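Visitor: Could you walk me through how to read a few features of a model like this one?
Guide: Gladly; let us look at it together.

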Amino acid sequence: MDVPYALRHAAVSTWLNAGVPAPQVAEWAGRSVDVLHRVYAKCIHGQDGEAMRRISEATKG
């Protein structure tokens, strides 16, 4: 049973790190967004720059 879980974990981590929105990943994985944030938060890295760019773009007036 470890292999299916490991494969799903790898896929979900990859999708999240690729910037796929959490609600879409949750739907694909058959999980809730809450579970994704709780379980996979440690897996998401390297998106700070993109997040800051989006915030900057959204707040330009």
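Visitor: Which residues make up the largest nonpolar core?
Guide: In soluble globular proteins, nonpolar side chains tend to be buried together. A nonpolar core here is a set of buried Ala, Val, Leu, Ile, Met, Phe, Trp, Tyr and Cys residues joined through side-chain atoms within 4.5 Å; buried means under 20% relative accessible area, exposed over 50% and partly exposed in between, with a 1.4 Å probe and protein chains only. In this predicted model, the largest such core has 9 residues: Val12, Leu16, Ala22, Val25, Ala26, Ala29, Leu36, Tyr40 and Cys43. Two or more residues each come from H1, helix H2 (22-29) and helix H3 (33-40), and H2 gives the most, with 4 residues. Helices are DSSP runs of H or I with at least four residues, strands are E runs of at least two, and both are numbered from the N terminus.

Visitor: How should I take the numbering and the model itself?
Guide: Residues are numbered from 1 along each chain as its sequence is written, and side-chain values use heavy atoms, with hydrogens and water left out. As the model is predicted, local features need pLDDT of at least 70 and side-chain atom pairs count only at pLDDT 80 or more, while totals for chains, interfaces and linings use all residues.

Visitor: What does Leu16 touch, not counting residues up to four places away in sequence?
Guide: Contact means heavy atoms within 4.5 Å. On that basis, Leu16 touches Ala22, Val25, Tyr40, Ile44 and Gln47. Ser13, in helix H1 (residues 2-17), is in contact with Tyr40 and Cys43, leaving aside neighbours within four places in sequence. Ser13 is buried, because its relative accessible area is 10%.

Visitor: How many aromatic pairs does the structure hold?
Guide: A pair of aromatic rings is described by the distance of the centres and the angle of the planes. Rings of Phe, Tyr and Trp (its six-membered ring) pair if their centres lie within 6.5 Å; planes under 30 degrees apart count as stacked, over 60 as edge-to-face and the rest as tilted. The structure holds 1 aromatic pair: Trp15 and Trp28, edge-to-face, 5.2 Å centre to centre with 75° between the planes. Trp15 lies in helix H1 and Trp28 in helix H2, so the pair ties together parts 13 residues apart in sequence.

Visitor: How is Trp15 classed by relative accessibility?
Guide: Trp15 counts as partly exposed, at 29%, and Trp28 is partly exposed with a relative accessible area of 49%.
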